[in-house]
Amino acid sequence: MKSIARTFALSLGIAATTIFLIMMGIFIWRYPTEEREFRSCQVVAAVLDRATVIEGQKLTVRSTPALEELKADSPNLWYVVSAGDLLSEYGSEHRPALPFVFPYHGPVGSSVFSTLDQNSTFCLSAVQRGSLRLAMMVGEPQVRFGRIARTFLLRRVSSIILVALAFAATVAIGSALAARFVSRGIERVARRALAIDPSAPQGLISLSEVPSELKPLVEALNRAFGEIDAYIRMQRRFLGNAAHQLRTPLTLLRAKIEDVPDPALRAELVRDVRRLTSLVSAMLDLARLQNHAVEKRPIDLAQITIEVLADFGPSALDAGIELALEQDGKGPLMVQGVDAAIRSALANLVGNALIHAHGARRIVATLSRDGISINDDGAGLPDGAEHGLTEPFQTGNAACKGAGLGLSIVREIMAAHGGELVISSVPGRGTTMSLRFPAATAPVKAAQLDLQGP
Amino acid sequence: MRSLVIEDEPQIGAYVSRLLGQLHGIVDLVGSIADARQALDNFKYDLAIVDRMLPDGDALQVVTTLSQSSERPAIIMLTSKDATEDVVDGLNGGADDYLGKPFEPQELLARVRAVLRRPRLLAPSVLSLGNVELHLGSNEAVVADTKILLRRREALILGALLMRRDRVITRSALIEEIYGFDDEIESNTLEAQVSRLRKKLAELGGDVEIRSMRGIGYILRLATPR
């Protein structure tokens, strides 16, 4: 994945550098004429200075590549080089009348002067070489742009670097700010997206809060969320309808069981229908809970647990299993929840323990501040089987009865309460299934003394 | 006694009719609101078992009109709509009881008996299970043909257990039934009384047993499992 900020800074940097270079070129190109002449004067003087050799009483202008290039470029070039009384001249036929006489004895330095007829200019440059003073006068040089640019850059290097750095800093700060603006916008969208409840992804991300560039993305996200929400709703409606429709055949089934002559078989069938019924009820309760068809209220976990266990009392006795409840303290244990759904969840756990805990003699429910634990002393689960158990259609043992739907419904019911189903098991020592609630609160004294009730 | 069953699923209707037939009487079965109104115009019923969702509407309207008539029958709604709100709607609409589908046949019959005796406010005078009988109001019990006079609390406990035989009565529900408002309840009083009652029944050869379920409550059932 490319980083937006890095790409941004890189492309902006390249663009800025290009613009900077073009501006520099234009600036040098459009350099004021005098200044330009002065520069070319300096360039030519330097070329001549390097080409000039003084040996004894002889002054020679050697033919250097730079000088040859200059001569080739400038058809009307002329120059006079003098040192003391020594003198060398080139292109004297082009030379106009000058305001100086040769040999020149003026001060060291270089300057541009007009010729006597005011039609053109020439360059005068004097340098000290040993005891001699080398004077050069040059006219009509056509210095290449590259050479002027080079001397210009060499002479102005510090100021150019300064300007370039300032420019680069501006670009860097600008791109950093822009990148930050973009990433802030993305972060805001991401925060909104994270805040959306995955089980009911509506509410959507407000378009007024995001940068306009991100709007297509946010709109697409919102549309996707909307579709997911519609799909989830459809599924839940289906679940609720299915659970509802199952009741009539279950009732018929229950009625027909009365005609079974074998009492043992009848009892077993009745137990199976009961289990199926509790599963269907749990599905329906879950559907109601997830569709927000019911409101969570403060409910007493202790009361519900005792009632559910009481319901299972006869089946436990039939199966020869001791069913007991242990409680840290007396009194209510209040949680926010939906009574019917919690009952269903708990009934599924207890029913599960009664049917699936092979060889169990005791099933003990424990109420504590965290919630409820159902512990059996049966064979336990094989190592690592706890995790798969809450997936639909997974059972602890391939030979076990039941569709394995129960625990996944229990898990969903707990999730809808902001709690969780925790399963722990030691092979050979039994299994503990706990319903944990987010904030099961301690007994409230006043609630016990409510004598106003009906 | 004449009962009306309003149920559109014929097999369930036939089954409910058969169950009610055990209570000695005539049972009429109808499958729609229109038929139900016609039946109610022609006969006087003591009991109506009403399914809610019928092909021609919600039978709650029948229940409401029925409950406002001068000679109203006892009404039990028997339906697969059994969310709390539905039950509240049904009871507020005039039903005497509300039972969700699928139902246990014994539970339906128990509820029918309960709503039928409610207007008379008269509980049956004798409760029994196995060879144990309790004569309500007299603290007198018969265990294996032997008469025995129980203490008042023991009789109350036995009565409560007999009323809910084969079902667990929670400890708190039992305490509510046998202790008055001002009675001091020692933490182990109930246990002591139950175990004394248990001993008395066993000594006389009673074929029922009172099982304690730790932290939950008590259950009375036949000693030898069926």
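Guide: Let's start with the words we need: helices here are DSSP runs of H or I with at least four residues, strands are DSSP runs of E with at least two, and both are numbered from the N terminus. What you're looking at is a predicted model, where local features need pLDDT of at least 70 and side-chain atom pairs count only at pLDDT 80 or more, while totals for chains, interfaces and linings use all residues. Residues are numbered from 1 along each chain as its sequence is written, and chains are lettered from A, with ligands numbered from 1, in the order in which they are written.

Now for the part I'd pick: the place where chain A touches chain B. Two residues are in contact if their C-beta atoms, placed from the backbone, lie within 7 Å. Chain A brings 27 residues to this contact and chain B brings 24. On the chain A side, the elements giving two or more residues are helices H7 (247-257), H8 (263-290) and H9 (301-318), plus strand S9 (322-327). H9(A) supplies the largest share of that side, with 8 residues.

What kinds of residue does chain A use there? Its side has 14 nonpolar, 6 polar and 7 charged residues. In this sorting, Ala, Val, Leu, Ile, Met, Phe, Trp, Tyr, Cys and Pro are nonpolar, Asp, Glu, Lys and Arg are charged, and the others, Gly among them, are polar.

Step back to chain A as a whole, and 28% of its 454 residues count as buried. Buried means 20 or more other C-beta atoms within 10 Å of a residue's own, exposed means 12 or fewer, and partly exposed is in between, with C-beta atoms placed from the backbone.

Before you go, peek at a loop over in chain B. B:Ala144 sits between strand S10 (140-143) and strand S11 (146-149), and B:Asp145 lies in the loop between S10 and S11 too. Most residues other than glycine have a negative phi. B:Ala144, though, has a positive phi near 45 degrees, and B:Asp145 has a positive one near 65 degrees. B:Ala144 counts as partly exposed because it has 13 C-beta neighbours inside 10 Å, whereas B:Asp145 has 9 and so counts as exposed.
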